[in-house]
Amino acid sequence: MAERLALLLACMPLAAWGAEPPPARQADLLYLLRQDCGSCHGLTLKGGLGPPLLPASLTAQQPEGLAQIILGGVPGTPMPPWAFEIAPDEALWLARRLQSGDIP
């Protein structure tokens, strides 16, 4: 029975658990968002070379879709893939924070 439960839990995507990165990693991700993403999307995320990353401009997207953009980039645009530095659950956490406007 325990083996089946372990297998089931291992097959569930981490995002389905609502997992959040540890506080220190959250701080790293928010710094990366402000500094690296902000270099194209504007330091206040109101847009620049890239589009704005404000809640009003992201309402049409699902958080999972935004996470995929973060991870895979957008071919043919300056938006690079960040999968080399950001895990899928972290990208989803960032997408949800952006959509909620909860960016200090």
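Is W82 buried or exposed? I began my notebook with this question, and I worked on a predicted model throughout. At 11% relative accessibility, W82 counts as buried, because the limit for a buried residue is under 20% relative accessible area.

**Entry 1. The aromatic pair**

I next looked for aromatic pairs, and I found one in the structure. The pair is stacked, because the ring planes of W82 and F84 meet at 25°, and the cut-off for stacking is under 30 degrees. The ring centres of W82 and F84 lie 5.6 Å apart.

**Entry 2. The chain as a whole**

I then turned to the overall make-up of the chain. I counted five helices and zero strands. Read from the N terminus, the order of elements is α-α-α-α-α. The chain has 104 residues, and 30% of them are buried. I also looked up the contacts with a separation of 6 or more, and 53% of these are made by residues 24 or more positions apart. The accessible surface of the chain is about 6,600 Å², and carbon and sulfur atoms account for 65% of that surface.

**Entry 3. The largest pocket**

How much space lies in the largest pocket? I noted a value of about 520 Å³. The lining of this pocket consists of 25 residues, and those closest to the centre are H41, P51, L53, I69 and M79. I looked up which elements give two or more residues to the lining, and they are α2 (23–41), α3 (55–58), α4 (63–72) and α5 (88–100). Helix α2 supplies the largest share, six residues. Sorted by class, the lining has 18 nonpolar residues, six polar ones and one charged one.

**Entry 4. H41, a residue of the lining**

H41 is part of helix α2. At 10% relative accessibility, H41 counts as buried. Which residues does H41 touch, not counting those up to four places away in sequence? I listed K46, G47, G48, G50, P51, L53 and M79.

**Entry 5. Two leucines in one loop**

I compared two residues of the loop between α2 and α3, namely L43 and L45. L43 is exposed, with a relative accessible area of 60%. L45 is buried, with a relative accessible area of 3%. Apart from neighbours within four places in sequence, L43 is in contact with R34 and G38. L43 and L33 are ten residues apart along the chain, and their C-alpha atoms are 9.0 Å apart.

The backbone of L45 also called for a note. L45 is not a glycine, yet its phi is positive, at about 65°. I recorded this value because most residues other than glycine have a negative phi.

**Entry 6. Helix α5 and the end of the chain**

I looked up R97, which belongs to helix α5. Is R97 buried or exposed? R97 counts as buried, at 13% relative accessibility. Setting aside neighbours within four places in sequence, R97 is in contact with Q26, L30, D102, I103 and P104.

Y31 is located in helix α2, and at 55% relative accessibility Y31 counts as exposed. Y31 and P104 are 73 residues apart in sequence, and their C-alpha atoms are 9.8 Å apart in space.

Methods:
Residues numbered from 1 in each chain as written. Predicted model: local features only at pLDDT ≥ 70, side-chain atom pairs only at ≥ 80, totals over all residues. Heavy atoms only, no water. 1 Å grid on protein atoms, 1.4 Å probe; cavity = no way out; pocket = protein on both sides within 12 Å on 5 of 7 lines; lining within 4 Å. Points joined across faces, edges and corners; volume = space filled by probe spheres on them. Helix = DSSP H or I, 4+ residues; strand = E, 2+ residues; numbered from the N terminus. Nonpolar A, V, L, I, M, F, W, Y, C, P; charged D, E, K, R; others polar. Phe/Tyr/Trp six-rings, centres within 6.5 Å; stacked < 30°, edge-to-face > 60°. Buried < 20%, exposed > 50% of the residue type's maximum accessible area, 1.4 Å probe, protein only. Contact = heavy atoms within 4.5 Å. Areas by Shrake-Rupley, 256 points an atom, 1.4 Å probe, with all protein chains shown as cover.
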